[in-house]
Amino acid sequence: MAAKKTGENLEEIKKRFHKDEVDAKVRSLIPYTTRWHNIFHVDAPYSLISDPNGLCKCGDTYHIFCQWNPVPINQNWHKNKSWMHTTTKDFINYSYPELSLWPGDEYDKDGCHSGCGFIEDGKVRVFYTANCRDENYQRTVAQRFGTLQEDGSVIKEEIQLYGNPEGYTAHFRDPNFFYRNGVRYFAMAAQRMSDYPAKSSRPTNGCVLIYKEKSEGGWDFLGEVKTDYYDFGYMWECPNLLQFSDMDVLIVCPQGVHHQELKYENHCLAGYFIGHFSVDSLDMIHGKFHELDKGFDFYSPQVIANDSRHILVGWIGMPDLTDTVESAQDGWLYTLTMPRELILHEGKLRYRPVEEMKALRKAYQSIDIFNTTQTSAQLAKASESEINIKFGAARKVQIAVKWGEEKLLMEYDRDNQIFTLDRNSMKLGGKGIRPFNDGKNTDVNIGFRKFKLFANLDLQFRLFVDRSAIELFLQNGEEACSMLIYPESDIAPVLEITGDKNIENISGKIYELGGLNYK
């Protein structure tokens with residue numbers, strides 16, 4: 001009979017965390033020397049990073065926190081949930097990552113989970129979920145404030161909410177602030193105990209809860225955001241409620257949504273609703289759910305909204321799939337996306353890397369080729385390709401990034417308006433995980449993703465290739481695709497474009513990219 005899990009002893013947990021030692025270890029590992037550590041993405045110095053947290057701008061400085069395990073024990077990667085912190089003014093030069101928030105008292109001894117950042121009295125403040133388990137391994141959560149100090153640590157402050165509301169499970173986390181008419185609210189990821197189990201494939205449903213700040217202090221629980229997606233996964237994580245002019249955008253990460261043809265193909269989803277949200281009725285009058293990213297590996301985004309820009313940072317990773325992450329053999333897992341700006345255009349979000357990233361461009365080569373069925377170009381180990389393909393007679397076009405015999409294959413089928421990502425030719429790492437649509441929480445390992453994409457006469461793309469992270473932006477940012485790649489050979493890749501018939505024109509530039517600077 002298996003031993004019963006019990007909550008860990010607080011004093012033993014506290015002994016694991018020594019900020020000075022952790023920070024010194026991080027500095028000793030930079031610049032990175034392992035073969036898959038990325039050049040222009042923010043990586044884990046060691047161990048596992050995940051959800052971006054606490055994103056905010058104070059003066060001219062951006063603060064980026066993210067989930068991190070600074071004390072891996074027996075490759076239990078998700079244990080010891082803490083926050084890593086780094087700053088930047090230009091998304092090129094960063095402060096050394098450091099340990100900022102970690103378990104240390106009776107409220108958060110079993111993990112400092114996700115939360116948001118904000119500025120108050122000129123100081124960076126955070127609001128996070130503290131996680132504690134008792135001797136029976138039962139979870140209790142609390143929502144808590146903290147303030148960033150000059151040494152990079154967060155001083156923990158008063159508990160704002162303790163426990164979870166009636167009718168919802170203890171999977172109650174990821175608070176995120178928003179403002180309406182000068183009043184502060186926060187959105188909360190939650191898991192509803194289903195009122196209608198006969199209609200649901202699971203006993204729980206994901207949802208978002210809303211709290212309003214009282215004038216005398218404290219918070220009023222207003223209730224649940226009302227959407228048309230009542231039974232859409234068993235948990236909604238990482239809510240962000242944004243405003244674009246007169247439109248509202250609700251970003252959520254549903255878990256347990258069953259695959260449908262040409263959509264919802266990942267293990268977990270990240271996406272959004274666009275419409276109008278009322279803080280009075282809590283109705284979200286919205287259109288359909290759109291995925292934020294169509295790649296294999298994208299989850300738990302968070303957004304900085306200021307300076308007339310909405311800047312998103314996501315996690316290039318996927319929950320519960322650490323056994324597919326090849327870099328674990330080198331002691332680290334996952335990376336963050338490049339910061340990308342969100343633009344609302346004709347009822348959908350579009351995405352583009354922030355303009356500051358262009359400062360990474362170094363040497364480049366121009367391409368301008370007419371009437372060909374195939375062309376290729378050598379890439380650097382860190383590169384950006386900005387290419388326009390004018391189809392001409394070609395009905396199918398393939399774009400391949402090749403490391404010797406291995407390749408990431410991308411194909412556009414004009415007759416069916418379908419774009420395909422295929423990494424079956426890669427020898428190492430995950431292929432692609434999606435749930436069976438059989439009413440069970442089983443997964444199947446496949447190596448491709450397909451989705452609809454409109455391209456009439458031209459296909460335009462920006463392709464960013466790092467050592468183990470790839471980001472693709474299609475049709476001026478109409479779709480984005482993020483994924484992890486682990487080439488067996490430590491060589492610079494080749495970009496190859498092939499048509500089934502003559503392609504009228506392939507034009508653009510290919511840049512070698514420099515790396516992020518830490519200091």
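With which residue does Glu 8 form a salt bridge, and how far apart are the closest N and O atoms? The partner is Arg 16, and the closest N and O atoms of the two side chains are 2.4 Å apart. This briefing concerns a predicted model. In this model the count of salt bridges comes to 40, whereas the count of disulfides comes to zero. A search of the whole structure also finds seven cavities of 30 Å³ or more, and the largest pocket has a volume of about 970 Å³.

**Salt bridges**

- The two members of the pair Glu 8 and Arg 16 fall into separate accessibility classes: Glu 8 is partly exposed, with a relative accessible area of 28%, while Arg 16 counts as buried at 19% relative accessibility. Arg 16 is classed in this way because its value lies under the 20% limit for a buried residue.
- A salt bridge also joins Glu 224 to Arg 192, with 2.4 Å between the closest N and O atoms. The pair connects distant parts of the chain, since Glu 224 belongs to strand S13 (residues 219–224) and Arg 192 to strand S11 (residues 183–193), 32 residues apart. Both Glu 224 and Arg 192 are buried.
- Glu 504 and Lys 390 form a further salt bridge, at 3.5 Å from N to O. This pair likewise links distant parts of the chain, with Glu 504 in strand S36 (residues 494–513) and Lys 390 in strand S26 (residues 383–390), 114 residues apart. Glu 504 is partly exposed at 33% relative accessibility, and Lys 390 is partly exposed with a relative accessible area of 34%.
- A network of salt bridges links Glu 120, Arg 125, Glu 157, Arg 184 and Glu 213.

- By class, the lining of the largest pocket comprises seven nonpolar, 14 polar and 14 charged residues.
- Strands S1 (47–58), S6 (112–120), S7 (123–133), S10 (173–180) and S14 (235–244) each contribute at least two residues to the lining of the largest pocket.
- The second largest pocket has a volume of about 500 Å³. Its lining consists of 22 residues, of which Phe 177, Phe 178, Tyr 179, Val 303 and Ala 305 lie nearest the centre.
- In the second largest pocket the lining divides into 13 nonpolar, seven polar and two charged residues.
- S1, S6, S10, S14 and strand S19 (299–306) each supply at least two residues of the lining of the second largest pocket.

- The largest cavity holds about 140 Å³ of space. Of its 16 lining residues, Asp 297, Leu 321, Thr 324, Arg 423 and Gly 430 are the closest to the centre.
- The lining of the largest cavity has eight nonpolar, five polar and three charged residues.
- The second largest cavity holds about 120 Å³ of space. Its lining residues include Arg 35, Trp 36, Lys 381, Trp 403, Asp 466 and Arg 467. Also in this lining are Pro 487, Ser 489, Asp 490, Ile 491 and Pro 493.
- The residues that line the second largest cavity divide into five nonpolar, one polar and five charged.

- Strand S14 is largely enclosed by the rest of the structure, because nine of its ten residues are buried.
- S14 pairs with strand S15 (residues 247–255) in the antiparallel sense, over eight bridges. Within this pairing, Phe 244 stands opposite Met 247 in S15.
- The hairpin of S14 and S15 has two residues between the strands, and Ser 245 takes a positive phi near 55° there.

**Cysteines**

- With the count of disulfides at zero, Cys 56 is in no disulfide, and the nearest cysteine sulfur, that of Cys 58, is 7.0 Å away. The pair does not qualify because a disulfide requires two cysteine sulfur atoms within 2.5 Å.
- Cys 58 is likewise in no disulfide, its nearest cysteine sulfur being that of Cys 56 at 7.0 Å.
- Cys 56 counts as buried, at 5% relative accessibility.

Note on methods:
Residues numbered from 1 in each chain as written. Predicted model: local features only at pLDDT ≥ 70, side-chain atom pairs only at ≥ 80, totals over all residues. Heavy atoms only, no water. 1 Å grid on protein atoms, 1.4 Å probe; cavity = no way out; pocket = protein on both sides within 12 Å on 5 of 7 lines; lining within 4 Å. Points joined across faces, edges and corners; volume = space filled by probe spheres on them. Nonpolar A, V, L, I, M, F, W, Y, C, P; charged D, E, K, R; others polar. Helix = DSSP H or I, 4+ residues; strand = E, 2+ residues; numbered from the N terminus. Buried < 20%, exposed > 50% of the residue type's maximum accessible area, 1.4 Å probe, protein only. Salt bridge = Lys/Arg side-chain N within 4 Å of Asp/Glu carboxyl O. Pairing = 2+ DSSP bridges.
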